[in-house]
Amino acid sequence: MRKEILVIDDSKAMRFMLHTILKKHYKVISVPDGLSAMYYLRNAQQPDLIIMDPELPDFNDWELVKYLTGSHLFSGIPLMVISGENEEDTRAKSVNYGVADFFLKPFNPLRLFEAVDNIMVNRIAEKIY
Amino acid sequence: MQIEHLPQRNSTYKYVKIRKEETGSQADAFLYIGGEKEIFQELFNNFNTGHSCSDIPEALQVLRQLSFKSAVPQFIFIDLDFSNENLVVLKQFLGAELSFSQTQIFYNIRRLSAADKRKVIANKMVDELVDLKTEIALIAGKIEFLKKMKSEFNARNQQIRIETQESDLTGRKNVVKRAVDIVLSGLALIILMPVFILIALAIKIESRGPVFYNSYRAGRGYKVFKFFKFRTMKVGADRMINSMLHLNKYNTSLGPVFFKIQNDPRITKVGSFLRSTGLDELPQLYNVLIGEMSVVGNRPLPLYEASTLTTDVWAERFMAPAGITGLWQIMNRKNAIVSVEERISMDIEYARKNNFLMDFSIMLNTPGVIMKEIPVPESGLTNFNAPVKLQPEFSKM
């Protein structure tokens with residue numbers, strides 16, 4: 001079974017890019033807003049990773065990140081953030097909410113792919129040991 | 001558990017509409033199922049109204065009565081040892097009554113073993129898991145979030161968008177473009193084969209090294225591919241970039257990195273001819289044939305340039321395929337130096353329009369642009385004080 005990644009970003013170009021970069025190794029599902037994300041998470045199988053913009057049209061200022069990492073239903077899914085904010089704020093919030101990894105825009109997609117791989121490997125290790 | 005609303009493989013994106021259901025639920029009323037008086041009391045402090053009962057059969061009775069009175073609780077907190085059967089009975093009861101459609105089940109996570117928890121999560125059996133001993137203070141925040149979600153849901157007419165593959169984002173109009181690309185590049189490769197051979201010989205004779213130059217470039221959707229050109233520079237030219245950065249035509253202090261200099265000393269004589277005629281770009285016909293590029297599109301960027309453009313505003317340029325020629329090359333003929341911003345906005349303009357007529361006009365205009373680029377012969381490198389004639393570029397390095 002392919003590992004599944006849920007991408008939440010209101011920028012169509014970003015979603016398209018993440019599809020293209022990740023599809024070779026992962027099943028990618030993307031949604032443009034928080035509501036669609038919650039609909040998917042509540043109805044479909046849980047993804048193995050969430051990659052998201054913390055600033056969404058319907059849930060701004062890390063609201064959805066806070067909910068997902070704080071909920072016992074979803075906190076088991078590693079969450080990666082691609083942030084448009086500055087490094088200091090992003091780092092502070094990522095630590096605060098227990099985000100697995102973060103990137104700042106503009107980011108190097110190849111590095112992101114590496115980070116995704118890393119998280120997936122760690123996830124498998126957690127399951128085994 | 002899969003749901004039928006999700007898009008099938010061969011569908012484009014779908015809007016999922018869910019019937020807005022009538023509900024008799026009372027704002028902020030709850031039902032506690034369990035035996036801990038203290039927890040019930042604490043929940044009570046956080047809500048307006050609430051009921052308590054000790055097990056599922058009793059809960060069903062209470063819910064039935066509340067339903068008659070149209071005072072359905074919005075939240076049910078279950079604080080019982082986990083029993084799959086009980087939970088299923090409760091969910092069936094709630095599912096059968098329209099008035100309970102908005103009622104959410106919160107389960108005390110303390111009552112679940114690790115295996116139970118996995119099962120509950122995987123089978124979507126509850127709406128939220130909470131630790132009723134320590135997290136009651138957090139419940140208000142979670143409920144706030146869930147309420148906001150619900151109001152968004154209603155306000156937006158329940159429009160949900162889920163994309164399961166790339167074509168959900170791009171549509172399918174690209175089939176024609178791809179077909180044109182295959183035919184054009186295939187024909188061109190066959191017809192131009194003698195030219196290829198002559199160029200290859202010239203390159204081999206003039207300087208040591210391979211005929212082709214390849215580098216990794218980012219194309220459509222940042223797909224990285226090996227990009228081919230005839231070699232026009234001395235071997236090792238890429239490694240010289242750092243020592244030459246001060247000659248860069250672009251001001252890079254403000255963000256995106258583009259590298260380009262005039263009268264580049266790394267270029268060979270054959271290379272200079274190939275560049276001025278655009279012939280060095282011909283091997284890209286192969287990239288087109290195998291689908292990594294298109295005849296018309298945005299310039300495929302070296303990775304060090306491309307990775308500076310992955311912002312919300314600029315990433316849109318990657319929605320269009322990489323092309324041998326493109327809008328920027330056509331527009332570029334008037335002035336030699338186009339600012340980085342202008343260039344990216346042209347890329348984005350192309351990505352937005354991207355239609356067959358536009359492609360056709362760009363293709364027709366391309367030979368004209370190349371003709372204009374043939375430089376006036378210069379008198380050699382000795383006259384350093386002579387004004388340097390700026391040459392428009394045609395998709396160079």
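Student: What is the strand order of the open sheet in chain B, and is the pairing parallel or antiparallel?
Tutor: In this predicted model, chain B has an open sheet of 5 strands in the order 3-2-4-5-6, and the pairing is parallel.

Student: Which are the edge strands?
Tutor: Strand 3 (49-53) and strand 6 (128-130) of chain B are the edge strands, and each pairs on one side only. On average, neighbouring strands of the sheet are turned by 20 degrees against each other, direction ignored.

Student: Over how many bridges do strand 2 and strand 3 of chain B pair?
Tutor: Strand 2 (residues 29-34) of chain B pairs with strand 3 of chain B over 5 bridges, in the parallel sense. As for individual residues, Phe30(B) has Gly50(B), in strand 3 of chain B, as its bridge partner.

Student: And which strands does helix 3 of chain B lie across?
Tutor: Helix 3 (residues 84-96) of chain B lies across strand 4 (75-79) and strand 5 (104-108) of that chain. The helix runs at about 165 degrees to strand 5 of chain B.

Student: Changing topic to the interface: how many residues of chain A and chain B are in contact?
Tutor: On the chain A side 45 residues are in contact with 53 residues of chain B. The area buried between the two chains is about 4300 Å², with carbon and sulfur atoms giving 64% of it.

Student: Which three residues of chain A supply more of its buried area than any other three?
Tutor: They are Phe16(A), Tyr39(A) and His72(A), which supply 19% of the area that chain A buries against chain B.

Student: How many polar contacts and salt bridges are found across the interface?
Tutor: The rule finds 17 residue pairs in polar contact between chain A and chain B, both residues being at pLDDT 80 or more. Which elements of chain A take part? Helix 1 (12-22), strand 2 (27-31), helix 2 (34-43), helix 3 (63-70) and helix 5 (109-128) of chain A each supply at least two residues of the side that touches chain B. Helix 1 of chain A gives the most, with 9 residues. By class, this side of chain A divides into 23 nonpolar, 12 polar and 10 charged residues. For salt bridges, the rule finds 5 across the interface of chain A and chain B.

Student: What do the side chains of Glu166(B) and Lys23(A) form?
Tutor: Their side chains meet in a salt bridge, at 2.3 Å from N to O. Over all chains, a search of the whole structure finds 24 salt bridges.

Student: Why does this pair join two chains?
Tutor: Glu166(B) lies in the loop between strand 7 (160-162) and helix 6 (167-170) of chain B, whereas Lys23(A) lies in the loop between helix 1 and strand 2 of chain A, so the pair joins two chains.

Technical notes:
Residues are numbered from 1 along each chain as its sequence is written. Chains are lettered from A and ligands numbered from 1 in the order in which they are written. This is a predicted model: local features need pLDDT of at least 70, side-chain atom pairs count only at pLDDT 80 or more; totals for chains, interfaces and linings use all residues. Side-chain values use heavy atoms; hydrogens and water are left out. Two strands pair if DSSP finds at least two bridges between them. Helices (H or I, at least four residues) and strands (E, at least two) are DSSP runs, numbered from the N terminus. Axes are lines fitted to C-alpha atoms, for helices over the stretch in contact, and angles run from 0 to 180 degrees between N-to-C directions. Contact means heavy atoms within 4.5 Å. Buried area is the accessible area (1.4 Å probe) that two parts lose on being put together, summed over both. A salt bridge is a side-chain nitrogen of Lys or Arg within 4 Å of a carboxyl oxygen of Asp or Glu. A polar contact is a pair of N or O atoms within 3.5 Å; within protein, one must be able to donate a hydrogen and the other to accept it, and residues adjacent in sequence count only if both atoms are side-chain atoms. Ala, Val, Leu, Ile, Met, Phe, Trp, Tyr, Cys and Pro count as nonpolar, Asp, Glu, Lys and Arg as charged, and the others, Gly among them, as polar.
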